[in-house]
Every structure is written in structure tokens, then in C-alpha cells.
Amino acid sequence: MAHTCHALGCDTPVHPKFLMCGYHWFFVPQACKQAVYVTYVPGQERTKTPTDVYLRAAASAIIAVAEHEGKMIPPIYRTMAAELEE
């Protein structure tokens, strides 16, 4: 199974350690990018065990891109991202 960009509706193949394709990553605010970088644990794409804090940072990045593109955001992403701010 190929790994694809996590931006909503994007099926661009990306290396498993990347959250998004370059096109969508461009629209992620710098603070969200930094949160994804800081919380990434090397090898989590192989072990399939990302941390909760990484998943929250990823959700925030996914939301940012979806908002930029005017897409409807599934509630689970907002729930996960809100937990990051607690």
C-alpha cells in the first residue's frame, strides 16, 4: 500500500516519513510545521506508533490546509487539534 499526502482529498504519493506532498506542505503555517517537526519520532512511519502529540500537530496541519482550500473538516481533526492547545 502506497503512502499518500494527508491533505484532505489528495492522493499524491509521498515518502512515508512525510505528512504531506510539497504542494500542500507549502500552505501549512510555520508554527504548525515546527510542531510537526519537533514531535516527529524517527522511524514512527515504520513502527506505526506516532505519539499523541505528533498526531495532534498533524491534525493542526491538515486543518490549516483544508481551511486554505475551503474544504469541510471532519470533526475528529478539530477534536485532536484542540487537545494540543490544552
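## Basis of the description

Because the model is predicted, local features need a pLDDT of at least 70 and side-chain atom pairs count only at pLDDT 80 or more, while totals for chains, interfaces and linings use all residues. Residues are numbered from 1 along each chain as its sequence is written, and side-chain values use heavy atoms, with hydrogens and water left out.

## Overall form

The protein contains five helices and zero strands, and from the N terminus its elements follow the order α-α-α-α-α. Helices (H or I, at least four residues) and strands (E, at least two) are DSSP runs, numbered from the N terminus.

The radius of gyration, taken over C-alpha atoms, is compared with a globule rule of 2.2 Å times the number of residues to the power 0.38. For 86 residues, a compact globule would have a value near 12 Å, and the protein agrees with this at 12 Å. The C-alpha trace spans about 30 × 30 × 20 Å along its principal axes.

Of the 86 residues, 36% count as buried. Here buried means under 20% relative accessible area, exposed means over 50%, and partly exposed lies in between (1.4 Å probe, protein chains only). Contact means heavy atoms within 4.5 Å. Among contacts between residues at least 6 apart in sequence, 39% join residues at least 24 apart.

## The nonpolar core

A nonpolar core is a set of buried Ala, Val, Leu, Ile, Met, Phe, Trp, Tyr and Cys residues joined through side-chain atoms within 4.5 Å. The largest such core has 23 residues, and those with the most contacts inside it are Cys5, Leu19, Met20, Trp25, Val28, Val36 and Ala61. Helix 2 (30-39) and helix 4 each supply at least two residues of this core, and the largest share, nine residues, comes from helix 4. In soluble globular proteins, nonpolar side chains tend to be buried together.

When its neighbours within four places in sequence are set aside, Val36 is in contact with Leu19, Trp25, Tyr54, Ala57, Ala58 and Ala61.

## Pockets

A pocket is defined on a 1 Å grid over the protein atoms alone, as an open set of points where a 1.4 Å probe fits, with protein on both sides within 12 Å along at least five of seven lines; lining residues have an atom within 4 Å of a point. Grid points are joined across faces, edges and corners, and a volume is the space filled by probe spheres set on the points.

The largest pocket has a volume of about 490 Å³. It is lined by 22 residues, of which His3, His6, Pro16, Glu45 and Pro50 are the closest to its centre. Helix 3 (44-47), helix 4 (52-69) and helix 5 (75-85) are the elements that give two or more residues to this lining, and helix 4 provides the largest share, five residues. The lining divides into 14 nonpolar, four polar and four charged residues. In this division Ala, Val, Leu, Ile, Met, Phe, Trp, Tyr, Cys and Pro count as nonpolar, Asp, Glu, Lys and Arg as charged, and the others, Gly among them, as polar.

The second largest pocket has a volume of about 190 Å³. Its lining consists of Lys17, Phe18, Leu19, Met20, Trp25, Val36, Tyr37, Tyr40 and Tyr54. These residues divide into eight nonpolar, no polar and one charged.

## Selected residues

Val65 is placed in helix 4 and is buried, with a relative accessible area of 1%. Not counting residues up to four places away in sequence, Val65 touches Ala7, Met20, His24, Phe27 and Val28. The C-alpha atoms of Val65 and Phe26 are separated by 8.9 Å, although the two residues are 39 residues apart along the chain.

Met80, in helix 5, is partly exposed, with a relative accessible area of 22%. Beyond residues up to four places away in sequence, Met80 touches Leu55, Arg56 and Ala59. Arg56 belongs to helix 4 and is partly exposed, with a relative accessible area of 22%.

Lys48 lies in the loop between helix 3 and helix 4 and counts as exposed at 65% relative accessibility. The phi of Lys48 is near 60°, a positive value in a residue other than glycine. Most residues other than glycine have a negative phi.
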